[in-house]
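Me: Could you walk me through reading a few features of a model?

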Amino acid sequence: MKDRVAIVTGAARGIGAATAQVLAQKGAKVAVSDIDAGLIEQVVATIQQAGGEAAAFPCDVSHPSETDKLVNDVVSKYGRLDILVNNAGICPRIPVDEMTEEMFDLMFNINLKPVFFLTRAAANVMKLQNWGRVVNISSTAGRIGAMHNSTVYSGTKGGVLAMTKSLARHYAPYNILINAIAPGTVDTRMFANVAAETREEYVETVPLGRFAQPIEIAHSIVHLCSEETTWVTGATLDVNGGVVMV
Ligand SMILES: NC(=O)c1ccc[n+]([C@@H]2O[C@H](COP(=O)([O-])OP(=O)(O)OC[C@H]3O[C@@H](n4cnc5c(N)ncnc54)[C@H](O)[C@@H]3O)[C@@H](O)[C@H]2O)c1
């Protein structure tokens, strides 16, 4: 991936931070982006200490004006843009009867809106290069519906899958490949506040019998961004220890 330039959103921790690190290990220049400006500096420092190239780009992905600026800033610094990983997301667990319109809108604005607007901004650069890779992070919740008070979250993640396919068709003539990853349960902050018995219920559904580590998702994301991936677009890769087999 030498000379490739990548943006990873939600890269302050968890799956995004692991993905930024693997991309950098493989030689990409990585724009480490997140709403948490402090934590991304630490991720950048870790990558640089390991000999990789990275820089911090704070951005709230729910605002298209900010994601447009993110793309402009990255292209100004590195001169090109090859890879986008739409990873930022939130999963507040709220019972159906307690869901508010405000929280519904927030979840769609963070989880789904950038899959359209940030992808479009990035693809406008990738088009000029006739090469691009976009990976959108969905969830098993988007494949088979949610467990445990994540009804609206599952709607956002189902939307990620549908939009991935439509964008893949739209940008295929420009050799921009757009795919989705649907992780199962991953040991990140997203699960930090989940009760022990709920975690056990999740694990009981997993044939491989455990939570994933972020690095296990990152390797699959990076595979879809690689030079070797040339004939896969509009696909969903299930990376979930066997929870979903379709
Ligand atoms: N952890 C899991 O089990 C799991 C399962 C399936 C899918 N996912 C998806 O994987 C992705 C990464 O989640 P994670 O598990 O690493 O969780 P995480 O909470 O550790 O990381 C999410 C990151 O997104 C950032 N973020 C939140 N709102 C943002 C905004 N408005 N703008 C920019 N950044 C923002 C956070 O600051 C955080 O760094 C999410 O899209 C999530 O829905 C996670």
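Reply: First, the ground rules. This is a predicted model, where local features need pLDDT of at least 70 and side-chain atom pairs count only at pLDDT 80 or more, while totals for chains, interfaces and linings use all residues. Residues are numbered from 1 along each chain as its sequence is written.

Me: Which residues have the most contacts inside the largest nonpolar core?

Reply: In soluble globular proteins, nonpolar side chains tend to be buried together. A nonpolar core is a set of buried Ala, Val, Leu, Ile, Met, Phe, Trp, Tyr and Cys residues joined through C-beta atoms within 7 Å. Buried takes 20 or more other C-beta atoms within 10 Å of a residue's own, exposed 12 or fewer, and partly exposed is in between, with C-beta atoms placed from the backbone. Here the largest core has 70 residues, and Ala6, Ala20, Leu23, Val30, Val32 and Ala122 have the most contacts inside it. Helix H1 (residues 14-25) gives the most, seven residues; helices (H or I, at least four residues) and strands (E, at least two) are DSSP runs numbered from the N terminus.

Me: Where do the buried residues of H9 fall, seen down its axis?

Reply: An α-helix has 3.6 residues a turn, so residues three or four places apart point the same way. In H9 (residues 214-224), the buried ones are Ile217, Ala218, Ile221, Val222 and Leu224. They fall within an arc of 150° (taken from the directions from the helix axis to the C-beta atoms), so they line one face of H9.
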